[in-house]
Amino acid sequence: MRILEDDFKCGQYWLEYSPENMDDFSTFNNEIINSFFLFTQNFIVPYSVNVSISTFDSYWFPDETFAEYHLTLDKPHIKTSIDRTGAIEKTVSEISAQEIEKLLFNIQQQSNTGSLIGISRISCLAGLYFLPKKTKDTTFVLYTGSGGANHSKKKRPIFEGIGIEAPLSTFGDIWAPIEVFFEHGYENIELKLILNWDLYSKHNKQGFLMLKKALEVLIRNSWKNEMPKDIFS
């Protein structure tokens, strides 16, 4: 299997969510959690996530980062190579909406500030990324660089024939196939995706279909396609 990593040239995509009712901060804040797991279901199993906790002003715009947490699955082989300098590290048995909600609730209960406290950002840069088709192969060949005669080949494992685990400690020289960022904007929530491999880009028809289906789940739940170029064209 040929997977090309090409220095962020595979694509970037955006969606936005703006609630109809702006009076309920708790519901609006929970949307960033729920949407993250709506998008990743059947597509990515997060191995680690970065969660930024912020205070919010009267317009629900994050005005100060309260704390940043790095949640990592309690699995022996999962040692991510992600830069998490300054984050509070926490090992969990599973990365779930309930785990993040519990983290937020505990921080809110322990805080002495009178400000609104919520989640301003959830990002996933490591996990099990499902392959377009199940395969019996135990490894795949990753081509790094710009392709052509000068690229280098590196063999990487496939997890139980269903997906690629990346980046782990042995993956220190490559990026994750796709970087996922959910974050608060001004009166909305924004999703940004960065494709680092062609696994889910238009170069891979079946992989691109998986990405479209994951985005369509959000669109059916009131997210809007605000991309500079329509991903569905």
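Mentor: Happy to! Keep in mind that this is a predicted model. Let's follow helix α1, residues 25-40, starting with its packing against helix α2, residues 97-110: the angle is about 155 degrees and the axes lie 10 Å apart. Angles over 145 degrees count as roughly antiparallel, so α1 and α2 are roughly antiparallel to each other. Their crossing is right-handed. On the α1 side the contact uses N29, I33, N34 and F37, which meet A97, I100, E101 and L104 of α2. Sorted by class, the residues of this contact are 5 nonpolar, 2 polar and 1 charged.

Now turn to helix α3, residues 205-219. Its axis and that of α1 come within 8 Å and cross at roughly 150 degrees, which makes α1 roughly antiparallel to α3. This crossing, too, is right-handed. Here S35, L38 and F39 of α1 make the contact with L211, A214, L215, V217 and L218 of α3. The classes in this contact are 7 nonpolar, 1 polar and no charged residues.

Two of those residues lead us on to the largest nonpolar core. In soluble globular proteins, nonpolar side chains tend to be buried together. This core has 63 residues, and F39 and L211 are among the five that touch the most other members, along with I178, V180 and L191. Have a look at I178 as well: leaving out residues up to four places away in sequence, I178 touches F43, I44, C124, Y129, L193, I194, L195, Y200 and L211.

Methods: Residues numbered from 1 in each chain as written. Predicted model: local features only at pLDDT ≥ 70, side-chain atom pairs only at ≥ 80, totals over all residues. Heavy atoms only, no water. Axes fitted to C-alpha atoms, helices over the stretch in contact; angles between N-to-C directions. Helix = DSSP H or I, 4+ residues; strand = E, 2+ residues; numbered from the N terminus. Parallel < 35°, antiparallel > 145°, perpendicular 65-115°, else oblique. Left-handed = near helix turned anticlockwise from the far one by under 90°. Contact = heavy atoms within 4.5 Å. Nonpolar A, V, L, I, M, F, W, Y, C, P; charged D, E, K, R; others polar. Core = buried A, V, L, I, M, F, W, Y, C linked by side-chain atoms within 4.5 Å. Buried < 20%, exposed > 50% of the residue type's maximum accessible area, 1.4 Å probe, protein only.
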